[in-house]
Amino acid sequence: DIKYGNNKFINNLKYSDKPPIPRLVLVLLLIGFSGFELLIWYFINQCLEKEKSVPKTLRYIVAFVEISVPTLAILTISQVLSIHALYLPPVFMYFIIIALSALSLNFWVCIFTGSIGALEYILIAWYIINSREADENLNNFTPIGMFVLHIVKGSMILTTGIITGIITNKLKNGFLKSFQSISEKNHIMSMFGQHVSPAVMEKLLLQKNSTEGEVQHVCVMFLDIRNFTAFSESRTPQEVVAYLNSLFNFMIDIVNRNEGIINKFLGDGFMAAFGAPFSDGFDSRNAVNASKEILQKLKEEIEAGNILPTRIGIGLHTGEAVTGNIGSSQRKEYTIIGDVVNLASRIESLNKQFNSQFLISDTVKEALGDAGIETVSLGKVSVKGRAEPVEIFKLA
């Protein structure tokens, strides 16, 4: 019977008295569908250019039109080949269009596409099977039996839509998580990038273990604005903030460019670190270069009238410190702890005693080596909190 049915199908294709498949109708159908897609593409582009959201109903309209194309093609072909039209390639277009509906990233659009495709196929199958031309092509099947087979195929179309919707939903959630992660990373980069150089920021974001507490060799800078308390007493809070921003803007930029990070703001100054979380091997030299550049830039800004006459003090010391995140599970701060921090702060305060602006410890001097940086020894100085005096060098 199967062989007989196949031969009869071939004979129908070759020797049917009916006119050939109306190719013109199929061509017009494809042209109309292509025109519709171009129109939708243009409309969506216009919405994007005007920063308007695409109407949700448009997705369903597009899905309905697209899934109806194979239905119209089958209906057209059935006018010549009767029930055999249900076995030709246009049937497979249902599955292709349902798969493409995943591009909408909408679960319900996929379900809608699969449902409409299944409903249209079952209806067109019922129409073709009950036509007069179909009677002679049913072989040993009854119309009901044949229709049941096509209901199964329609169910497969619907199942494809459901599966596509589930996969699409998972993909959408994955994309949303990725976008959220990127958004959070951009926010971190925006906030954190105001305090560290871009290179250091990227390394911190890429290395998961960079926030673990570890011992590192660092050079610590303390910078203090002189007579800030007296300045603040005669100014409004807005004026004080504007004044600090005018100073910190170029100071932070200079620290970043010299591979340092601003670790803490201290109201009238800040603490910076060179060599943490990462070192290029020239931490002390970078810190000295940044300090000298800050002093030079400050002088230029004052002479240009951009900043009120200001005097600052800078102190540097190098040594080992523990670096990492400290705090609770809700709030952590990347910080640097150790004697090197305390001594750097003490050295900065010695600027008042020596009427200087830039002092370094003997360990920083040793780390500079033959860098060609001129220094003046102030001898060994007793530092508060330390039993042994420390040799201090003046650079400005």
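Reader: Which α5 residues does helix α3 meet?
Author: The model is predicted: local features need pLDDT of at least 70, side-chain atom pairs count only at pLDDT 80 or more, and totals for chains, interfaces and linings use all residues. Helices are DSSP runs (H or I, at least four residues; strands are E, at least two), numbered from the N terminus. Contact means heavy atoms within 4.5 Å. In α3, Arg59, Tyr60, Ala63, Phe64, Ile67, Ser68, Thr71, Ile74, Leu75, Ser78 and Gln79 meet these in α5: Trp108, Val109, Phe112, Thr113, Ile116, Gly117, Glu120, Tyr121, Ile124, Tyr127 and Ile128.

Reader: How many residues of the α3 and α5 contact are nonpolar?
Author: Ala, Val, Leu, Ile, Met, Phe, Trp, Tyr, Cys and Pro count as nonpolar, Asp, Glu, Lys and Arg as charged, and the others, Gly among them, as polar. The contact of α3 with α5 has two charged residues, six polar and, of nonpolar ones, 14.

Reader: Is α3 roughly parallel or roughly antiparallel to α5?
Author: Axes are lines fitted to C-alpha atoms, over the stretch in contact for helices, with angles from 0 to 180 degrees between N-to-C directions. Under 35 degrees counts as roughly parallel, over 145 as roughly antiparallel, 65 to 115 as roughly perpendicular, the rest as oblique. The axes of α3 (residues 56-81) and α5 come within 9 Å and cross at roughly 20 degrees. That makes the pair roughly parallel.

Reader: How many charged residues are in the contact of α3 with α4?
Author: The axes of α3 and α4 (residues 93-100) come within 9 Å, crossing at roughly 175 degrees. α3 is therefore roughly antiparallel to α4. Glu66, Ile67, Val69, Pro70, Thr71 and Ile74 in α3 meet Met93, Tyr94, Ile97 and Ile98 in α4. This contact counts eight nonpolar, one polar and, among charged residues, one.

Reader: At what angle do α9 and α10 cross?
Author: α9 spans residues 237-257 and α10 residues 283-303. The two are roughly antiparallel. Their axes come within 9 Å and cross at roughly 150 degrees.

Reader: What does α5 reach from its first C-alpha to its last?
Author: Residues are numbered from 1 along each chain as its sequence is written, and side-chain values use heavy atoms, without hydrogens or water. α5 (residues 107-129) has 23 residues. The expected span is 1.5 Å times one less than the number of residues. α5 is close to that expected value, reaching 33 Å.

Reader: How far apart are Gln79 and Ile128 in space?
Author: Gln79 lies in α3. Gln79 and Ile128 are 49 residues apart in sequence. Their C-alpha to C-alpha distance is 9.0 Å.
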